Amino acid sequence: MADIIMLWGEMEGDSFTPEKVFWLISKPHPHWVETTRDNLKLDFKETGFRQFISLSSNHIVTDAMLMFGLQYAYETQRLIESLNPVRLMVRMKPGSYLGMSHHFLGAPFEIEMDDVLREFLNNAREILESTGFGRDVVVISFNPYIEDMLLENLNRIRNLNYKFMSST
């Protein structure tokens with residue numbers, strides 16, 4: 001069962017057309033699973049990309065946007081420039097979640113352990129949160145323990161049009 005379901009797409013009135021759906025799975029390790037629309041089957045299929053996270057992070061949504069949605073950010077080029085040193089400097093270690101995710105930002109909590117890389121990551125987070133994201137977001141929470149952090153994160157992203165729903 002997913003702890004969080006996050007959808008990115010276009011909201012018009014009461015209707016929502018999703019482009020991507022993300023599932024936050026907490027077992028065996030907390031991670032986002034990305035699915036995208038498969039137009040041939042009129043369904044969503046898993047892309048194979050994962051982002052391993054810490055459930056205590058204040059940037060759960062921001063980090064997912066940096067990993068899976070750079071093309072939707074308003075300042076894509078600045079974000080790529082900010083994240084490029086992270087991509088170039090990350091070294092895969094045996095047992096690292098970075099290698100399991102197939103992506104350099106697949107485990108932000110590992111990047112935060114390095115003083116230099118943490119600065120680049122924090123700069124990218126600030127850029128995204130201050131400039132905004134070009135898709136509407138719907139978040140459905142099944143985990144009441146992280147809802148306050150999620151709402152705080154969503155509110156920090158400038159001009160983000162979102163809906164938040166809780167199962168509790």
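Student: Is Phe133 buried or exposed?

Tutor: This is a predicted model, and in it Phe133 has a relative accessible area of 2%. Buried means under 20%, so Phe133 is buried.

Student: How does one describe a pair of aromatic rings?

Tutor: One gives the distance of the centres and the angle of the planes. Here, the ring centres of Trp8 and Phe133 are 4.9 Å apart and the planes stand at 65 degrees, so this pair is edge-to-face. Trp8 is also buried, with a relative accessible area of 0%.

Student: Which parts does the pair of Trp8 and Phe133 tie together?

Tutor: Trp8 belongs to strand β1, and Phe133 to the loop between α5 and β5, so parts 125 residues apart in sequence are tied together.

Student: What kind of aromatic pair do Phe22 and Trp32 form?

Tutor: Their pair is edge-to-face, with 6.4 Å centre to centre and 85 degrees between the planes. Phe22 lies in strand β2 and Trp32 in strand β3, so the parts joined are 10 residues apart in sequence. Trp8, Phe22, Trp32 and Phe133 belong to one aromatic cluster, which also includes Phe68 and Tyr72.

Student: How are two packed helices described?

Tutor: The description uses the angle between their axes and the distance between the axes. The axes of helix α1 and helix α5 come within 10 Å and cross at roughly 95 degrees. That makes α1 roughly perpendicular to α5. Among the residues making the contact are Met65 and Leu66 of α1, and Leu121 and Leu128 of α5. By class, this contact of α1 with α5 has 5 nonpolar, 1 polar and 3 charged residues.

Definitions and conventions: Residues numbered from 1 in each chain as written. Predicted model: local features only at pLDDT ≥ 70, side-chain atom pairs only at ≥ 80, totals over all residues. Heavy atoms only, no water. Axes fitted to C-alpha atoms, helices over the stretch in contact; angles between N-to-C directions. Helix = DSSP H or I, 4+ residues; strand = E, 2+ residues; numbered from the N terminus. Parallel < 35°, antiparallel > 145°, perpendicular 65-115°, else oblique. Contact = heavy atoms within 4.5 Å. Nonpolar A, V, L, I, M, F, W, Y, C, P; charged D, E, K, R; others polar. Phe/Tyr/Trp six-rings, centres within 6.5 Å; stacked < 30°, edge-to-face > 60°. Buried < 20%, exposed > 50% of the residue type's maximum accessible area, 1.4 Å probe, protein only.
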